[in-house]
Amino acid sequence: MPDRPSGHDRATRRLWPTLALPGTLWLIALFVVPTYAVMAVAFSGQINIFNEPIPAWNPLDWEFSTFTTVVTDSFTPSGVYHEVWVRTAIYSFWALVICVSIGYPVAYYTARLAGRRRGLILALILAPWWINYITRMLAWINLLQDDGYVNKALGWFGIPPHAWLSGSSFTVVWALAYGYLPYFIIPLFASLDRIDERLLEASRDLGVGTVRTFLHVTLPLSRMGLITALVITALPMAGDYYTNTIVSGSPNTNMVGNQIELFLLEGPQKNIGAGLVLLLSLVLMFFMFYYLILTQRASREATR
Amino acid sequence: MSFDPNDPALRRRRPRPQLARRDVLRGGLWVTVGLGAAPLLSACGDSGSSGQAANGGAPYPLARPDQPVTLAIKDSNAPIGDGLEPEEGGTFNILNYAQYMAPAVMKNFGKEHNVSVEVTPYNNYDEMLAKIRQPGESFDLVFPGPSVLSKMVFTDLVQPLNHSYLPHLKNLWPEYQDPWYDRGARYTVPYTIYGTGVMYRADRVKSVPEVGYDLLWDKAYAGKVYLLDDRQEAIGMSLLRNDITGDVNTADAADIQKATDSLIELIDLVNVKTDVNAYSEVPEGTATVHQCWSGDPIAGQYYLPKGETPEVLGYWRPESPADYVIGSDNIAIPKSAAKPVLAHMLINDLLDNKIGLDNFGWNGYQPPLTKLSAKYLTDNGYIPENLSNSVVVRGDFEQGHTFYEVSPSTEALWQTDWARFKAGA
Amino acid sequence: MTVTERPAVSEVSAPTRTRVPPWRNPWRRPYVLAAITWAYILWSLVPVLIAIQFSFNDGRSRSTWQGFSLQWYCCNEGSVFEDPSMLHSLRNSLILGIATVLVATPLGVALAMGLTRWRSRASGVANGIALIPLVTPEIVVGSALYLVFVNLYQFVPLGRPAMLLGHVTFSVSYVLVIVRSRLLSIGGEYEEAARDLGANSLQGIRTILLPLLMPAVFASAMIVFAASLDDFVVSQFLFGSAENETVPILLYNSVRASPTPALNALATILLVGTFLALILTVLVLKARRRGSDESALETLADWG
């Protein structure tokens, strides 16, 4: 696109930032500032008479002892929160494994092989987006109760009923996977959809077998979509607390989110809650930044 | 009057869904490790109370059963005058736990005085204080407990009562007309009293040990054992059961830790869960043994599936009143009330024996009215014979353990250990 | 033997199609993938269908079918229509959803246009900020907003105002991503042509760009609506008191406390409402893009 310096162009150049301004201001006021508020509370050293932490807005007033305790308690094996962090990581990991194992084939089939039924299948896969997350978990509570359909079905095979809702990690991991799979599949679908069929045909014309075509052509081309899907699923999953509360009431399946809830919503140690939030953000920030860099690179390539 | 548990007018309800998170707010600002003195408490007003010595520097009186407190009435916060006309029209706002007052009681009151009664619920005192302090909000009734009352009086959140509007005060137990946390009932009247015990399925529990808390540690009921989702109740119970200390408000870190360790055992031993829904889970069979409040078995009658009778429910509490953990919720009038005269009238209504009985019939938590003794309630069918020990009696109040206001650092100790329990084995 | 001799017809075998075993045939029907996809769809949707089924249960159980009845919808005591808190929550959810769409969509579209066309380092930063809400765990967003409303923006009371602000904050990112990908695929030729014909930038946007973006705008409006209706964590932190409860909060609070099929009925009502809104949007999309070769669903799905 040849550059045309002119008065007209200057107006154009001012237009775009003006359009972007309201949204940017909004996000600064309601996203960046709240993040700072979390730090101000996490590093505050005082509470008022009502047990509310007095946020330390001035960085010079920041007091790091509580946060340091939170960090050490999280990373030393004997710390209070260590077990919870490890458990959260393990649950997220296994839930993601399930997501990839089920989600990739489904996305691939829908994107490339569904043929005439593609619209229908796509609609059915998108349907959970419009169904409330809590409703979907509610549905599983119905099924997993001691006298629910799942145990009844097991009974047909002579398997004794199992207490699914009673502090079972298996239930929590599968509930997480169930809950987040729809969000996982869509970005993957979009990226698989964009792969040009001719590339695959070319690969086969060259004599490469199905599996190797997949490994050497499809997979790399869908890499961006897969990473997007993983990031979009893993990061929210790490902060999830309500899934665990709904399908299991036991301390044995507590995730980091539950600890945050415990400290943040009542009691005199809300700065610990804020500290845990901060720590969670820092831990996930690495992945967030990696994702952002990739998207920037991809969008820059797309707009060249 | 015979009481029909199947009466559709007495609908099934959810008493105090998240009561567990209540308590707390034992804060005050006194100088402790790492916490600086807050400029908010510069006005050390007169507190006119005994018990300053044990205050630990708190700017307002910390009430204890053996150090009762008379809350001051300040000039800036005087009670309303006598003989005023009740306000009419508009909305009457109640700030209370969810589903804690019978809808029929509220509706009748509303009809009688031509107001619409609305309830704003909270789950714990932190929420309650946040709501009542929100500028622009005005509530006509609030339900604080002893652990938060002094603080609210000190910060002018509640107004003193004018007893000329409360002729039914005499219906209360004498102890509650002059309780240790509010001598002379200057700011509050009690709403409900309750104790903490263990509810169980009598048809599944073969024998109840002498210390009923041991039921929770019994492997035979693994998978169906529940603790109250309340750090004070759970850790307090462990302190008593394991004979660690008789002080359920202890600030001794080692004791608290030992008690929590005992609770942590339960995770692997019986796959324990925490909840506040004993009233529905035990009758429905999801729980076989559930630490609970004494109102739960009474409410639990409504949640029995078709064909089951209250005989399948059982409630255990310590024999001796001195071992029983009791508590109470009270009614107070916020300073910001728009309809204080009506508020007094509703309080008076709730102290009336009949209305109090109706309210109890709905929420299952008994008001400390002299007429409503265990015998009266059992004879009139409100409580089946096998659950008659769920009624709190006067001796319990005098001698039982109670959770009172403690310093933030003590609270922090309890909370951290509770977080340790909640983090899993 | 002479070269001209041809073998007898019977000695020449007809050209046979070489039988390739199924696993070597790249053009076979993808049975396994299809099976996985359909199994996933069933696993994903059947529990919800069963939950809907139990909302019509004649009896209190949510796991044992006791006959058909509308008692949980109307007009018994205990049904959705007789329960003011349930009706309130439905109303709150819908009002909040619509308000969020009305605020977030223009904000996000303007942001998308501004950021895509604006080339400078500041735009890169704004871009990054705008994408972070998508990957931040909701508990971080929710707790940060809660802390900031309680400690800094105290002029905004908790409840509807705070919830609206919170919902719009994470919704803007959805709009941004969807509209941006559409903008990138449109390219700048149309606007250049408009400029060559004498239109200034504003006219270009109004007459050329916006109409081209309409499918994406509608798709993002739908997604924002669904996300707002579905939102649980941000709402839970910001709702303040029970009169501002939305449906997910009510369901969550009730799920472990003696739930009746009325909960299923409430969830069903919300679900049906959302789907009706979705169908409406798809119809509008269809009407608008007659002639384009992308199906409406694909527009919705193709944002990754």
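**Close-up views of a predicted three-chain model**

**View 1. The two domains of chain C.** The model is predicted. The area buried between them is about 750 Å². Carbon and sulfur atoms give 59% of that area. Three residues stand out on the domain 1 side: S55(C), R60(C) and R62(C). They supply 65% of the area that domain 1 of chain C buries against domain 2, more than any other three residues. The count of salt bridges between the two domains of chain C is 0. The count of residue pairs in polar contact is 1, with both residues at pLDDT 80 or more.

**View 2. The fold of chain C.** Chain C has 11 helices and 0 strands. From the N terminus on, its elements run α-α-α-α-α-α-α-α-α-α-α. Of the 304 residues in chain C, 54% are buried. Take the contacts in chain C between residues at least 6 apart in sequence. Of these, 69% join residues at least 24 apart.

**View 3. Chain A against chain C.** Here 109 residues of chain A are in contact with 102 residues of chain C. The two chains bury about 9500 Å² between them. Carbon and sulfur atoms give 74% of this area. Three tryptophans deserve a look: W16(A), W26(A) and W130(A). Together they supply 9% of the area that chain A buries against chain C, more than any other three residues. Helix α1 (residues 7-42) of chain A gives the largest share of the side of chain A that touches chain C, with 23 residues. That side has 76 nonpolar, 23 polar and 10 charged residues.

**View 4. Chain A against chain B.** In this view, 32 residues of chain A are in contact with 46 residues of chain B. The area buried between chain A and chain B is about 3000 Å². Carbon and sulfur atoms give 54% of it. On chain A, the residues that lose the most area to chain B are I49(A), F50(A) and E266(A). Together they make up 25% of what that side buries.

**View 5. The salt bridge between chain A and chain B.** The rule finds 1 salt bridge across the interface of chain A and chain B. K270(A) pairs with D126(B) in a salt bridge. Their closest N and O atoms are 3.1 Å apart. The interface of chain A and chain B also has 8 residue pairs in polar contact, both residues being at pLDDT 80 or more. In chain A, α3 (82-113) and α12 (256-264) each supply at least two residues of the side that touches chain B. α12(A) gives the most to that side, with 4 residues. By class, the side of chain A that touches chain B divides into 11 nonpolar, 13 polar and 8 charged residues.

**View 6. The two domains of chain B.** The domain assignment of chain B gives domain 1 (86-193 + 331-390) and domain 2 (194-324 + 403-422). Over C-alpha atoms, 27 Å separate the two centres. Contact involves 20 residues of domain 1 of chain B and 19 residues of domain 2 of chain B. These domains bury about 1500 Å² between them, 54% of it on carbon and sulfur atoms.

**View 7. Elements at the domain interface of chain B.** The rule finds 0 salt bridges between domain 1 and domain 2 of chain B. It finds 6 residue pairs in polar contact, both residues being at pLDDT 80 or more. On the domain 1 side, α3 (146-154), β5 (189-201) and α10 (353-363) of chain B are the elements that give two or more residues. The largest share of that side, 5 residues, comes from α3(B). The side of domain 1 of chain B that touches domain 2 has 10 nonpolar, 9 polar and 1 charged residues.

Methods:
Residues numbered from 1 in each chain as written. Chains lettered and ligands numbered in written order. Predicted model: local features only at pLDDT ≥ 70, side-chain atom pairs only at ≥ 80, totals over all residues. Heavy atoms only, no water. Contact = heavy atoms within 4.5 Å. Buried area = accessible area lost by both parts, 1.4 Å probe. Salt bridge = Lys/Arg side-chain N within 4 Å of Asp/Glu carboxyl O. Polar contact = N/O pair within 3.5 Å; in protein donor to acceptor, adjacent residues only side chain to side chain. Nonpolar A, V, L, I, M, F, W, Y, C, P; charged D, E, K, R; others polar. Buried < 20%, exposed > 50% of the residue type's maximum accessible area, 1.4 Å probe, protein only. Domains from an automatic or database assignment.
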